[in-house]
Amino acid sequence: MRSYFLFTVILLSVTIRCYAIHVDTIVTERHFSKAQLNDDVSYLIKTVADVHPNMYHAISKSKYQKITDSVRNTFFDGMTGEQAWPAISRLIGILNEGHSVFNYPDDIGNQLKSGKSILFPVIIKEFNGVNLIVRADASKENKLQTGDQIVSINGITSAKLIDTLSGYAGGLKQYRSIDVCRNFIAYLYLYHIDGPYEINFLRDGKLYHSTLSSSTWSAFTTRVSEIAKTLPKSLPKADHSFYISENNVANLTLNSLTAKPEIFKNFLDSCFTIIKNSPPNKLIIDLRNNGGGNSALAEILLSYITEKPFRMTGGVKWKVSQEYKDRIKRDTSKRMSYYLNAKNGTLIENKGSNAQKPIANPLRYKGKIWVLIGPRTFSSANMLANTIQDYKLAKLIGEPSGEPANDYGELIVIKLPNTGFNFTTSTKQFVRANGNAKDQHPVIPDYLISHNPLSPTDEVLDFANKN
């Protein structure tokens, strides 16, 4: 059972990624010539081709060119950044790679705070694969209730909205939908889906319709503040937590792999000391909200739960580029002469080390282990889940992970010269642990259990506890 209700939208900037926004309500829009926008597109394509290990892994070069031509055909002199952003962002999204993301325009926060009635007034909890689930209605009409399922907005189905609004990024649909729902207000604005909003929604299995007005920033945040007062206070999620339940089950939740290795190891030492001194019936490791970090932490964890040989990756392909060399040179902590001395345009490749036994660990747990995964299991956490599955180190429960087991990483941020838009993309490809580089599937759990967002019960955790 979930003991708290996360209401993240009340956090300062309504969860949009505008970390240093001034409250200035005067917005000066920049305008660009057609030539400037075309130059930015050329720069984007050239740079991705330079740095990415396999730019056309998910789309043919000819199809990418056709979409590029269609994007260029939308440009006109005097185009604003707000108008150009959705078009140019497609050229990153169609790479269909979860680490390649076209980031927000820098001035999006000021635009949303401009005082105009431009905001969609409903906070979205999540996408259930078909419909959008309402967290709270902050409109002046106040027609929707928590848990209502939005079928369509302005005649556009929720599934179509997710596809459209996530056009700035690649990756699996369920993973992309997480960011869209978290930043739904900003994306509706960027894709020019304006109010009044005609909402078709389901409540208790019945279809209803309501019209909601757009909202100003100040009115929206005022109503959100009032709604938040009626909800249970929630604590921020810890990166790591551990407890023994009443039914003597050890629960280890890992929401990130970003700690310093020595701090992470000290945490695990304390957890597995408790486990050794009072052996539980089973151990549940929850990776469902783990977006990754450092794969070295994943290896540290595995030394506590298995003595079987394993490896985290079946090899890597790392593209050598001047852009990434320049990044290395700016970071004095990196000393990578082997990369700096390699020829631009080449790939540094290896087939991965052989599977090896982890170092001896007196705190190693040898009992039953369940590992929980889902669409938020990403990057290094995805590699961890894949390693567990490929080497049969434990059983996986939940939903497919957020990206293919053959994934990408080692990121670089590129800024376009004219618009100033920036995007993130990968320089390295990681082959899944078993060495099968052709498998494009995410990590599929051994027991596929879906969580119903309308239920207060955690079905995945319940399954693990009962089996």
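Guide: Let us begin with helix 6 (residues 173-182), whose buried residues are covered by elements including strand 4 (122-127), strand 5 (132-137), helix 5 (158-165) and helix 7 (184-190). The model is a predicted one, in which local features need pLDDT of at least 70 and side-chain atom pairs count only at pLDDT 80 or more, while totals for chains, interfaces and linings use all residues. Residues are numbered from 1 along each chain as its sequence is written, and side-chain values use heavy atoms, with hydrogens and water left out.

Visitor: What makes a stretch a helix or a strand, and how many helices and strands are there in the chain?

Guide: Both are DSSP runs numbered from the N terminus: helices are H or I with at least four residues, strands are E with at least two. By this definition the chain has 14 helices and 19 strands.

Visitor: Why is the chain called as compact as a globular protein of that length?

Guide: The radius of gyration, taken over C-alpha atoms, is set against the globule rule, 2.2 Å times the number of residues to the power 0.38. The chain has a radius of gyration of 24 Å, close to the 23 Å that the rule gives for 467 residues, so the description applies. Along the principal axes, the C-alpha atoms fill a box of roughly 65 × 60 × 35 Å.

Visitor: Which residues of helix 6 are buried?

Guide: Buried means under 20% relative accessible area, exposed over 50%, and partly exposed in between, with a 1.4 Å probe and protein chains only. In helix 6 the buried residues are Arg176, Ser177, Ile178, Asp179, Val180 and Cys181. Across the chain, 52% of the 467 residues count as buried.

Visitor: Why is Arg203 called buried?

Guide: Arg203 has a relative accessibility of 18%, and therefore counts as buried. Arg203 is found in strand 8. Leaving aside residues up to four places away in sequence, Arg203 touches Lys143, Leu144, Gln145, Asp148 and Tyr208, where contact means heavy atoms within 4.5 Å.

Visitor: Why is Thr387 called buried?

Guide: Thr387 has a relative accessible area of 0%, so the term buried applies. Thr387 is placed in helix 13 (residues 380-390). With residues up to four places away in sequence not counted, Thr387 touches Leu302, Phe310, Arg311, Met312, Leu393 and Ala433.

Visitor: How do you know that strand 4 and strand 5 pair?

Guide: Two strands pair if DSSP finds at least two bridges between them. Strand 4 and strand 5 have five bridges, in the antiparallel sense. Ile124 stands opposite Val134 in strand 5. The two strands form a hairpin with four residues between them, and Gly129 in the turn has a positive phi of about 100°. Strand 4 is mostly covered, since five of its six residues are buried.

Visitor: What makes strand 10 and strand 19 edge strands?

Guide: Six strands form an open sheet in the order 10-11-12-15-16-19, with mixed pairing. Strand 10 (240-244) and strand 19 (447-448) are its edge strands, as each pairs on one side only. Strand 10 pairs with strand 11 (residues 249-254) in the antiparallel sense over five bridges, and Ser241 stands opposite Thr253 in strand 11.

Visitor: Why is the pair of Phe120 and Tyr197 called edge-to-face?

Guide: Rings of Phe, Tyr and Trp (its six-membered ring) pair if their centres lie within 6.5 Å; planes under 30 degrees apart count as stacked, over 60 as edge-to-face and the rest as tilted. The whole structure has 20 aromatic pairs. Phe120 and Tyr197 lie 4.9 Å centre to centre with 85° between the planes, so the pair is edge-to-face. Both Phe120 and Tyr197 are buried.

Visitor: What makes the pair of Tyr447 and Phe463 tilted?

Guide: Tyr447 and Phe463 have 5.4 Å centre to centre and 40° between the planes, and therefore the pair counts as tilted. The pair links distant parts of the chain, with Tyr447 in strand 19 and Phe463 in helix 14, 16 residues apart.

Visitor: Why are Tyr447 and Phe463 called partly exposed?

Guide: Tyr447 has 35% relative accessibility, so the term partly exposed applies. Phe463, at 21% relative accessibility, also counts as partly exposed.
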